[in-house]
Amino acid sequence: MAFWTTGRHRSDVRGCARVLFEVWAPGAGERVTLWLEGREVPMVRAAGRRGRADGDGWWSAEAAAGPGARYGYALDGGPVLPDPRSPRQPNGPDGLSAVVDPDGHHWRHPWPGRGLRDAVLYELHIGTYTPEGTLDAAAAHLGELVELGVTHVELMPLCPFPGTHGWGYEGVSLWAVHEPYGGPDALKRFIDTAHGHGLGVVLDVVHNHLGPSGNHLPAFGPYLLERRPTPWGAAVNLDGPGSDEVRAFLREGALRWLREFRLDGLRLDAVHALADDRALGFLEELSRAVDALAVELDRPLFLVAESDRCDPRTTTPRAQGGLGLQAQWNDDFHHALHTALTGESAGYYADFARAPLAALAKTLTRVFFHDGTYSSFRGRTHGRPVDVTSTPAGRFLGYAQTHDQIGNRAVGDRLSATLSPGPLACAAALVLTGPYTPMLFMGEEWGARTPWRFFTDHTDPALATAVREGRRREFAAHGHAPESIPDPQDPGTHRASCLDRAERDREPHARLLSWYRELIALRRGQPDLTDPDLGAVRVAFDEEARWLALRRGDVRIAVNLGTAAADIPLGPGGRVLAAWEPVSVPGPDGVLRLGPESCAVLLDG
């Protein structure tokens with residue numbers, strides 16, 4: 001690493017900036033050389049960070065350098081490689097690293113922080129949010145999100161990866177920002193602008209694997225465990241020899257995003273894929289460090305896990321025997337809602353599709369569908385029950401669409417590709433008035449018709465071919481014609497995934513956008529809709545008639561997914577707070593007459 005807060009930047013008697021360069025390279029034999037702006041600087045074994053006299057694999061050198069200076073490390077006379085903790089990769093993962101000044105950005109907006117309480121998150125991919133695909137271009141549209149009513153922007157991964165376009169989950173320089181997006185300075189401008197709008201910012205980080213191309217970490221040390229494969233390659237070494245430093249690499253990188261970039265939280269990708277058998281797991285270690293940093297900085301910080309385990313211990317406080325993360329995605333709620341909307345029953349939807357409204361009712365009141373039940377998709381019992389009497393609802397994120405649930409489909413089709421506006425409005429009502437912390441995927445709010453596909457820009461021809469053919473084989477096994485699967489390497493696949501903002505002003509998109517704004521405003525204005533008491537949530541449904549009613553305190557939500565009008569017993573009287581189609585309050589018989597593919601929100605009294 002070679003940036004000034006940790007690099008102890010100072011000036012010598014001639015006024016030259018001097019930087020301390022440090023690298024963990026236990027893989028080196030006798031020599032590590034710093035290459036700085038074309039010159040060699042010998043490095044020496046550094047004092048051991050963990051009290052070991054041999055330096056524990058750390059090497060250091062001090063040299064004059066300023067922001068933008070290019071550098072790298074050569075091990076035992078080998079090729080010059082980028083810094084594992086590089087703060088900037090101007091020429092991509094295979095290029096030289098660059099020195100940055102962490103204090104170079106003038107922050108315009110003081111920021112007290114914004115926690116997850118009463119939050120509405122908005123998942124956003126920088127490369128497809130605007131035609132330009134940059135952080136600066138995205139920042140220019142943050143005012144639209146304020147008008148929508150969301151509280152936090154959740155950025156998909158920003159670490160450098162080969163090429164220009166990609167989802168970001170194949171990053172390799174975990175401390176840097178993808179240069180085509182604008183690099184680290186642009187990220188700070190984006191966050192500063194968001195904070196000026198009152199928006200929190202969350203960053204998606206990947207700790208379970210590294211990308212297959214441009215990854216030079218194994219040359220430096222035991223960052224990976226080949227004997228512990230994940231679906232995306234070798235696992236990151238969290239419990240083998242040398243794992244103390246690998247954990248520090250991940251932990252300190254995470255804290256740097258929160259401290260130096262003033263992020264409000266981190267989303268942790270696929271934590272169920274972390275290969276970690278140590279008594280003190282990495283997630284617990286990281287949550288402890290983040291909580292300590294929040295105290296130090298005197299502002300709220302949080303971690304959100306993507307987890308497939310259906311395990312409430314992920315977000316149970318550490319003092320109660322949990323891992324202490326603040327929230328986790330709830331895919332079970334998504335799967336139940338998706339099957340109720342679409343009738344799909346393939347793959348992991350099968351268990352939910354047998355009785356989709358019953359599944360939806362269970363996930364609205366008990367969080368997980370698989371809470372110790374048999375999962376036919378996994379071929380085993382899965383999950384653990386949530387204690388709804390003591391677990392706040394806000395610890396779980398609820399959503400109708402995400403990058404995964406759209407992009408991992410064969411052609412990246414959104415719900416809006418097959419559903420009319422009515423069911424889309426019903427989905428929005430259940431997400432935004434439901435008990436969980438809502439999250440939207442970019443463009444969902446206006447029913448974007450643009451797909452969001454799996455796209456890559458691998459510079460290695462063999463890898464590009466393998467990805468293309470592998471994706472076609474995967475979906476051919478599920479009955480799709482190989483030629484119908486978009487080529488991830490085709491630039492047109494990426495271009496097709498970019499949002500079309502002109503849709504926002506056209507019908508039926510404008511009406512749906514107005515509905516999302518109305519629902520978010522209701523959530524903010526009705527205290528019952530942010531009540532964390534899961535035990536107080538009540539649900540009734542009719543599987544055959546395809547309606548579901550949800551009660552949250554004095555607020556009643558009714559959705560009719562059927563193609564015929566439905567009579568829904570809600571109780572008499574009240575007033576309509578919002579309705580997709582005009583509706584009258586229930587009469588003395590307490591029955592709400594709700595039109596097909598419609599929804600309404602009512603208040604008692």
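**Barrel, helices and cysteines in a predicted model**

Strand β15 (residues 265-268) is joined by four bridges to strand β16 (residues 302-305), and the two run parallel; strands (E, at least two residues) and helices (H or I, at least four) are DSSP runs numbered from the N terminus, and two strands pair if DSSP finds at least two bridges between them. The model is predicted, so that local features need pLDDT of at least 70 and side-chain atom pairs count only at pLDDT 80 or more, while totals for chains, interfaces and linings use all residues. Residues are numbered from 1 along each chain as its sequence is written, and side-chain values use heavy atoms, with hydrogens and water left out.

Within this pairing, Gly 265 has Phe 302 of β16 as its bridge partner. Helix α7 (residues 243-260) packs on the sheet, where it touches β12 (200-205) and β15, contact being heavy atoms within 4.5 Å. The direction of α7 makes about 145° with that of β15, as given by lines fitted to C-alpha atoms, for helices over the stretch in contact, with angles from 0 to 180 degrees between N-to-C directions. A closed barrel of eight strands, with parallel pairing, runs β10-β11-β12-β15-β16-β17-β20-β21.

Twelve of the 13 residues of helix α13 are buried, so the helix is largely enclosed by the rest of the structure; buried means under 20% relative accessible area, exposed over 50% and partly exposed in between, with a 1.4 Å probe and protein chains only. Among these buried residues are Gly 422, Pro 423 and Cys 426.

Cys 159 is buried, with a relative accessible area of 12%, and Cys 498 is likewise buried, at 12%. With a disulfide defined as a pair of cysteine sulfur atoms within 2.5 Å, the count comes to zero disulfides.
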